[in-house]
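Here's a quick briefing to get you started with this structure. Take a look at the view below, then read on.

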Amino acid sequence: MAKCPNCGKEVKKDLKQCPHCQSEIKPKEVAAKKTAKKGKNKKKEKTKADIKVEDKKGTSSSQDHDEKEANSKANAKTEGDTNKKENDNKDSQAKDLPQANTAKEAEVKVSDSKKAEPTKKAATEENDSSTKKDSAKNEEAQSNKEAKAEDKKEVKSIVQGLEGTPTDKPHPLSKVITPYHPDYKPYIIGILISIFLLGVFLFTLTRFNNPIPPQMTSFGQQTKQQEQHVWFVTGPTKGENAPITKIIVLKHGKGIAYQVFDENLTLKKVAKMNEDQVINLAKQQDRIYFEKAAARFEALRDGKNAEDFGHPTWMNDLNSGNRLFFSFENKNDNSWRNANLIDENQYNQLNDNKKFTRVTKTEQEFVDQLGPSDKADMKMQDDLKKELAKRRYNGLINNLNAMKYIEPKWQAVKIDNFNQGDEVSRQVVRIKEVNKLNYPQSTTQDILNKLTAEQKQKVQAAASSYQNTSNFGSRYNAVNAAFSQEYFNQIMRDFFKPAQVEIKYAINEPTSLDFKDARFIGYQAKDGGYLVMKAQNGSQKVILSQ
C-alpha cells in the first residue's frame, strides 16, 4: 500500500490514478514525497537533538527517554499537519479535473493502467530501494553528526568546569581537578613563598631550642653560654640514692642556687624530670627550706633532733646561753659592787685597770652559781636551767617566723683554675647564694644594742646579787626576772636572717654515674660530695676546662 500524493489516502502501489480524488499518481512523485517527508522529519529531529544536547548536562537516562517521546510526538504532529495540507490541495485539484462522462473512458484508463502496471511496479521498487539506501545513509550520517556534536558538548562542559565557568550543574570532574585561572598566579606564588619562609623559621627555631649537644662539655663552659643548664650538688654518697643538697641553674652567663629541704630528694627521683620540672621543684624546695627552718629548731627544743646545722660553735652558745660581760667597782674592803653590763671590747680593755673588776658569765652559769642548799633548791635550779633553754629556743623560733622569704637571684659565677703543667688539675667554683640562716660566729654580737634600758638593769641586778647576798631564793628570783622570755625575744632578734653569701665548691676529678633511667656526668668535690648534671646523650663527658 502507498499514499496518494494529492489526497494522502492509502492506495495500491501499482495504481496510476487515485480512486478517491481521481488524480493521476506518478511513482517518482510518491518516492520524492516520501523522501522529502523523511528529510523534513530528520531535519526536525536534528533540530530537536541539537536543542537536547545544548540543554543536556549530566542528565539521567530517564530524561533522555522523556525527550525522545516528546520529539516523536512533535514529529507525528508535524506529519499530520503536512498530510492534512496535502489532502486539502488534492481536494481542490479534484474539483477542477474533468470528470469521465462515459464508462468507456473509464475502462480505457483501467486498461492502460493494467498495461503499465508491470513497468510502474518495477520503477516503484527501484525508487523504493534507492530511497531506502539514501535514507540509511542519511540516518548514518546524521547519527555520526549527532555523536560528534555530543562529544564536543561534553568536552566544552569539562573545559567550563575546569575554568570555573558557572554552570547550572557543575561537571563531576570539576570537584576532582582544581580550577586554575591566570589571575591566581600571584596568589599561588605568594602562598608558596610563605610556606617556604615558614619552614625555614620552624627549622631555625627547632635548632635554636634543641641544639645538638657537644660530646665534651664542662661547668666552666656552660657558665658562659646562653642556653639553660641544671647542676646538682649531692652528698658524699655516690649513686642514684645520693641526696641532693642544692640545685644550681646556669643561663645567660650567670647562675642561681636553690636550697633543698627534702633529705629524700635523690638523683633517682630527678632522673626522669625535664629541666623545667627540676627548676620548679628547686623553687619549691628553696621556699620550703626557709619555711621549715623554725620547725627544725622546734625539734631541737623538744629533743627530737640532735643536728648541729654544721655550726657547732653557735650551737654550743645556743645550748649554754649567751656570754655576758660585766665590770664591778673595787672597794677598799676588797669587795666590788655596782655591776655594769659592757661589751666584749670594753671587757678586754679593763685587764690592767685596778679600779674595776671584770666578770664574764653565760646565762647558764648564772643558774649554775645559784648555790642551792638542799634538794628542793637543786630541783628549782635544774628546772630553771631547762626553762631558760626553752625560752632561748622560743625567742629564736619567734624571730624565724617573723622573717620574710627572699627568693634567690641570678649571680655571677667565678671559677679559679689550678694547673698542673699545661692542664687544669682542679677548679674552685664560687657563686653567691641566699643563705636562709646566716649563722653568726657568736650569740653575743650586739647584745647591748638589742636590750632595752629596763632589761639591762635587770641583768645587772642579777649579777650584783651574787656579791650582795648568798641567799638562794634572792639569787633565783633575780636571775629568773633578768632572763625572761622578753629578754630572749630581744637578743635573738636577727640572730638568723637571710643574707647573700659566697659559697665555694672545689672540684677535681671528672666522673660519671650511670643509672637505669638516666646518666649523670660531673665532678667529685673536695668535701666528698659531687657536682653533676644529667648527660644530654649516652656518650657525653665533662672536662676541667673553662
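What percentage of the 546 residues of the protein chain count as buried? The figure is 35%. Keep in mind that this is a predicted model. With that said, here's a tour of some spots to look up as you go.

**The overall picture**

- The protein chain has 17 helices and 15 strands to find your way around.
- Take the contacts in the protein chain with a separation of 6 or more: 64% of them are between residues 24 or more positions apart.
- The count of salt bridges comes to 13.

**Helices H15 and H16**

- A pair of packed helices can be described by two things, the angle between the axes and the distance between them.
- Helix H15 covers residues 453–468 and helix H16 covers residues 472–482, and the two pack with their axes 8 Å apart, at an angle of about 160°.
- That angle is over 145 degrees, so H15 counts as roughly antiparallel to H16.
- The crossing of H15 past H16 is left-handed.
- On the H15 side, the contact is made by Lys 458, Val 459, Ala 462, Ser 465 and Tyr 466. On the H16 side, look for Arg 475, Ala 478, Val 479, Ala 481 and Ala 482.
- Sort the residues of this contact of H15 with H16 by type and you get seven nonpolar, one polar and two charged.

**Helices H8 and H9**

- Helix H8 (residues 275–291) and helix H9 (residues 293–301) have axes that come within 4 Å and cross at roughly 40°.
- That makes H8 oblique to H9.
- H8 brings Tyr 289, Phe 290 and Glu 291 to the contact, while H9 brings Ala 293, Ala 294 and Arg 296.
- By type, the residues in the contact of H8 with H9 split into four nonpolar, no polar and two charged.
- Arg 287 is also found in helix H8. Its relative accessibility is 40%, so Arg 287 counts as partly exposed.
- Arg 287 and Phe 261 are 26 residues apart along the chain, and their C-alpha atoms are separated by 8.6 Å.

**Two buried strand residues**

- Ile 256 is in strand S6, which covers residues 254–259. With a relative accessibility of 3%, Ile 256 counts as buried.
- Leaving out residues up to four places away in sequence, Ile 256 touches Ile 247, Ile 248, Val 249, Pro 408, Lys 409, Trp 410 and Ile 431.
- One of those partners is Ile 431. From C-alpha to C-alpha, Ile 256 and Ile 431 are 8.0 Å apart in space, though 175 residues apart in sequence.
- Ser 327 has its place in strand S7 (residues 323–330). Ser 327 is buried too, at a relative accessible area of 7%.
- Again leaving out residues up to four places away in sequence, Ser 327 touches Asn 338, Ala 339, Asn 340, Ile 342, Leu 350, Thr 357 and Arg 358.

- Side chains of opposite charge can pair when their charged atoms come close.
- Arg 323 and Glu 365 are one example, with their side chains meeting in a salt bridge (3.8 Å, N to O). Arg 323 lies in strand S7 and Glu 365 in helix H12 (residues 363–368), so this pair ties together parts that are 42 residues apart in sequence.
- Another salt bridge joins the side chains of Arg 301 and Asp 302 (3.0 Å, N to O). Arg 301 is partly exposed at 30%, and Asp 302 counts as partly exposed at 43%.
- The side chains of Arg 519 and Asp 514 also meet in a salt bridge (2.8 Å, N to O).
- Finally, Asp 416, Arg 430 and Glu 502 are linked in a network of salt bridges.

How values were computed. Residues numbered from 1 in each chain as written. Predicted model: local features only at pLDDT ≥ 70, side-chain atom pairs only at ≥ 80, totals over all residues. Heavy atoms only, no water. Buried < 20%, exposed > 50% of the residue type's maximum accessible area, 1.4 Å probe, protein only. Contact = heavy atoms within 4.5 Å. Axes fitted to C-alpha atoms, helices over the stretch in contact; angles between N-to-C directions. Parallel < 35°, antiparallel > 145°, perpendicular 65-115°, else oblique. Left-handed = near helix turned anticlockwise from the far one by under 90°. Nonpolar A, V, L, I, M, F, W, Y, C, P; charged D, E, K, R; others polar. Salt bridge = Lys/Arg side-chain N within 4 Å of Asp/Glu carboxyl O.
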